[in-house]
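Subject: Structure handover

Hello,

Please find the structure below, followed by notes on what was found in it.

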Amino acid sequence: MDETPGSVGTTSSLSLRLGQALFSSASLLFMSVGVEFYSYTAFCFLVTIMGLVIPWSCTLAMVDVYCIFVGCSLRLPGLMVLSMLSLAAACASAGVIDFLFHLDGSYCPPKFCGRYQLSTSMAFLSWFLTAASSLFNLWHVASW
């Protein structure tokens, strides 16, 4: 049987994991460096979830590297929980940013709003890769 692209132990899975870690790290950096994110609960939630996605993606990237070098194929059921949480955090942050933009602007200086937007955009990109990886692994498990 052919390997499902994106399933654990393939090069496409490794690229998905590295992309997840990269975009999650960028989201975390844009949100937390020089920005007062702790004033809004949605931003704290985003920072927490991105802080969970980074080690999760890096760990699974190491598993992918091991499987590629050894040549084994793993059939792990995809965990959709982290994908759902990262989507919820990105959507909540986008909602808060939209609300802050529609106010007079006194609540969100341009420097902070730009960083909030970049962080949320990176979180959506990370979520997209996490969701794709989860769906590929679910498809792979279902094809046993």
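Thr41 is a place to start: Thr41 is found in helix α2, where helices (H or I, at least four residues) and strands (E, at least two) are DSSP runs numbered from the N terminus. At 68% relative accessibility Thr41 counts as exposed; the classes are buried for under 20% relative accessible area, exposed for over 50%, and partly exposed in between, with a 1.4 Å probe and protein chains only. The C-alpha atoms of Thr41 and Ser93 are separated by 8.8 Å, although the two residues are 52 residues apart along the chain.

Some notes on how to read the rest. This is a predicted model, in which local features need pLDDT of at least 70 and side-chain atom pairs count only at pLDDT 80 or more, while totals for chains, interfaces and linings use all residues. Residues are numbered from 1 along each chain as its sequence is written, and side-chain values use heavy atoms, with hydrogens and water left out.

The chain as a whole

The chain has four helices and zero strands, so from the N terminus on its elements run α-α-α-α. Along its principal axes the C-alpha trace spans about 60 × 25 × 15 Å. Of the 144 residues, 41% count as buried. The accessible surface comes to about 7,700 Å², and 73% of that belongs to carbon and sulfur atoms; accessible areas come from the Shrake-Rupley method with a 1.4 Å probe, and for residues only the protein chains shown count as cover. Contact means heavy atoms within 4.5 Å. Among the contacts in the chain with a separation of 6 or more, 81% are accounted for by residues 24 or more positions apart.

Helix α1

Buried residues in α1 include Ser13, Leu14, Leu16, Arg17 and Met31. What covers the buried residues of α1 includes α2 and α4 (110-142). Ser13, which lies in α1, counts as buried because its relative accessibility is 0%. Leaving aside neighbours within four places in sequence, Ser13 is in contact with Gly6, Ser7, Val8 and Asp64. After α1 comes Gly34, with a positive phi near 75 degrees.

Helix α2

The 30 residues of α2 should span 44 Å at 1.5 Å a residue, and the end C-alpha atoms are 44 Å apart, which agrees. α2 is followed by Gly71, whose phi is also positive, near 90 degrees. Phe69 lies in α2 (residues 41-70) and is exposed, with a relative accessible area of 72%. Phe69 belongs to a nonpolar patch on the surface, formed with Val65, Tyr66, Ile68 and Val70, and together these have about 510 Å² of accessible area. Patches are made of residues with over 30% relative accessible area and no salt bridge, like charges being joined within 9 Å and nonpolar side chains (Val, Leu, Ile, Met, Phe, Trp, Tyr) within 5 Å. A salt bridge here is a side-chain nitrogen of Lys or Arg within 4 Å of a carboxyl oxygen of Asp or Glu.

Helix α3

Leu85 is found in helix α3 (residues 81-102). Leu85 is partly exposed, with a relative accessible area of 32%. Not counting residues up to four places away in sequence, Leu85 touches Phe45 and Ile49. The C-alpha atoms of Leu85 and Ile97, 12 residues apart along the chain, are separated by 18 Å.

Aromatic pairs

Rings of Phe, Tyr and Trp (its six-membered ring) pair if their centres lie within 6.5 Å; planes under 30 degrees apart count as stacked, over 60 as edge-to-face and the rest as tilted. By this rule the count comes to four aromatic pairs. In one of them, the rings of Phe37 and Tyr38 have centres 6.2 Å apart and planes at 70 degrees, so this pair is edge-to-face. Phe37 counts as buried at 16% relative accessibility, whereas Tyr38 is exposed at 57%. Phe112 and Tyr116 form a tilted pair, with 6.5 Å centre to centre and 40 degrees between the planes. Both lie in helix α4, four residues apart, which is about one turn of the helix, and both are buried. Phe112 and Tyr116 also form one aromatic cluster with Tyr40 and Phe43.

Regards

Definitions and conventions. Expected span 1.5 Å × (residues − 1).
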